[in-house]
There are 2 protein chains.
Amino acid sequence: VSGFSVENLPYGAFERDGQTHLGVAYEEAIVDLHTIASAGAFDGVCERAVLQAPVLNAFLAQPPRVWHAVRERLRELVAQGVEGAHRVERAKATTRLPFDVADYVDFYSSEQHARNLGRIFRPDAEPLLPNWKWMPIGYHGRAGTIVVDGTPVARPLGQRKPANAPVPAFGPSTMLDFELELGFVTGGEEIFGLVLVNDWSARDVQAWEYQPLGPFLGKSFATTISPWVVPLEALAPFRVRPVPQDPPPLPHLRIENDFSLDVELEVRLRSAKMRDAGIAPAVISRTNARELYWTMAQQLAHARSNGTKIRPGDLFASGTISGSQPGSYGSMIELTWRGTEPLTLPDGEQRAFLEDGDEVTIHGWCERGGLRLDLGSCSGTIVPPAA
Amino acid sequence: VSGFSVENLPYGAFERDGQTHLGVAYEEAIVDLHTIASAGAFDGVCERAVLQAPVLNAFLAQPPRVWHAVRERLRELVAQGVEGAHRVERAKATTRLPFDVADYVDFYSSEQHARNLGRIFRPDAEPLLPNWKWMPIGYHGRAGTIVVDGTPVARPLGQRKPANAPVPAFGPSTMLDFELELGFVTGGEEIFGLVLVNDWSARDVQAWEYQPLGPFLGKSFATTISPWVVPLEALAPFRVRPVPQDPPPLPHLRIENDFSLDVELEVRLRSAKMRDAGIAPAVISRTNARELYWTMAQQLAHARSNGTKIRPGDLFASGTISGSQPGSYGSMIELTWRGTEPLTLPDGEQRAFLEDGDEVTIHGWCERGGLRLDLGSCSGTIVPPAA
């Protein structure tokens, strides 16, 4: 069963003839939205210029009825068969960032992750802070740092101070980590669709800098997203009841007919040595987005609750998604408990944190009753710091 | 002495004939960059399209030699006299946001402010955290929330929990504050110029939400900047030696020929009652940017030190600037010591925090040996929450 069937039809951007075109992933192909819109396929449904743009932002700015109408038209088009110049082979295409990121918010919505990080960073205190169960805690990240699947990630430099050192030092991070997350992108005021997110983190930098104003340079060097934005509409069959919340949320966080999404998530790691030896990437974490404590609708309601404007292209990420079992943790710092219990890779290598040459790939998909929907993958390889 | 002489020539954007034009403030006028560039005044110096844009970003993306050449040409033009359609009356113009804000970083570079906030928010602990003197602490704010001088500021709603309340509640902030700051905007990798910044803050929301990931909704409802970006080049006569730093900074924060800027800063407050009674705004704070512990060059060097990209239109703000005397504190929470010592306004009203109808205006200027350079002003009036 293909995860890119007519039930999915996610949007992205890709290189073609020296330009960037919008496209829709369908089976093994990309339907070229630019050329097919230029041929009039969406006339009466959506302005041509919106689909001829190199990024999705103008489409995100359309009212949801246009999102829906374009999707319906696409379903007709692929059912009729898209051939010739309007179809390119997906495996050969180079994808681009699908939208210009306006503002980037990263939440902290997995209870297990918040508890794990609390235990690791503040071992002498209650792991979950008193505010955590009252609202989706989050912070603003660096929008300009978001890159698409496949972009190499240079090891960041930074200032850090080991607990036993008298003074801090500056140099390449020695605790480089990934974070398995799910993100959503908004139009005006609504959720348009979902991407996979890897919020790369330098834990040594983060630990030294984060008080009192939160993560800054430990997070602002690279955040990778998957290239195909899966419309929320396509995910309707995978809505599930959210986890029970206690205490009950305050009124502004009570959402009628709220839902979580049953999205399977997996992280694979392949070292340079494994790649050279032809060894397949090793699965190092398996979890599911349905375990998140705060829902996407609650995250968005909270972010808007102070009256701020939401823009087309705003990206909201879930925060690291960790299940309740060790093999389901969404970061190295949790999987190896701050490096004290290193992972052993298939070729015998040990990993406390990420090494240069390591490739981390997040996969996400939904599956139920014969229907499979693929969120694709989000991959990055660590390279040494830029000179 | 005019603060908008030929020695200043700051850049902004303003409304004209239903469009937004770039312009340069000169004496009581604005030189219309759009029309004067269209007439060929910068041919051979800068592409017309760059100066015909509605925002400064394309100009910010030019190399610094183009910034300098345009400034030199402007000095010639105003010396010759700019008349007719290329000149509009500044007092009658409506200004716009001068640049699209890419990412917004807010630092925390005033030692006195950090000490004051530490005492107020963490009364039982050492006010300055161990990392503070080792690097410019900062965080990312919400770029989409930045507005230009004169934009009304709706009182934010938010979740907060008074220390003596058993559970939090949601409603309009009751501890609405301003923050007196100075900001700089970058081109590719360099500082282009300076603006005044008011980073409005809901202290009750901030206090409840900020651990462990830093300020979020308590800061993301509005940040006001002044309309005229003063080129760093114009500020050369006001460079002063930075404050001594102990411990000496690590190598990546050691800047050759580094400088602070001798910028006088003033905050005025006028209540609705004062306005109705024709009472002039009251000066509630006077300070100077030269007292900042971390310099702009250090802030930028630090922000870039992890390898992240700086974009044209990135805004970096100093954090609240507080002097060592109570009358020189740059926020209400410091001036009234969390509301325990309210200010008395000229008409006898008391202020612990800002009330609806209050207008806060920041002024900034440099003055030395007969030369005055005005940074203009940055003003906002509090209005009730949007329904």
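**Exercise 1.** How many residue pairs are in polar contact between chain B and chain A?

*Solution.* Start with what is being read: this is a predicted model, in which local features need pLDDT of at least 70 and side-chain atom pairs count only at pLDDT 80 or more, while totals for chains, interfaces and linings use all residues. Residues are numbered from 1 along each chain as its sequence is written, chains are lettered from A and ligands numbered from 1 in the order in which they are written, and side-chain values use heavy atoms, without hydrogens and water.

Next, the count: 24 residue pairs are in polar contact between chain B and chain A, both residues at pLDDT 80 or more. (A polar contact is a pair of N or O atoms within 3.5 Å; within protein, one must be able to donate a hydrogen and the other to accept it, and residues adjacent in sequence count only if both atoms are side-chain atoms.)

Then, the residue types: the side of chain B that touches chain A has 28 nonpolar, 15 polar and seven charged residues.

**Exercise 2.** Find the salt bridges across the interface of chain B and chain A.

*Solution.* The rule (a side-chain nitrogen of Lys or Arg within 4 Å of a carboxyl oxygen of Asp or Glu) finds two. One salt bridge joins the side chains of B:Arg142 and A:Asp314, at 2.7 Å from N to O.

**Exercise 3.** State the area buried between chain B and chain A.

*Solution.* Buried area is the accessible area (1.4 Å probe) that two parts lose on being put together, summed over both. Here the value is about 4,800 Å², and carbon and sulfur atoms give 61% of that area.

Note on methods: Ala, Val, Leu, Ile, Met, Phe, Trp, Tyr, Cys and Pro count as nonpolar, Asp, Glu, Lys and Arg as charged, and the others, Gly among them, as polar.
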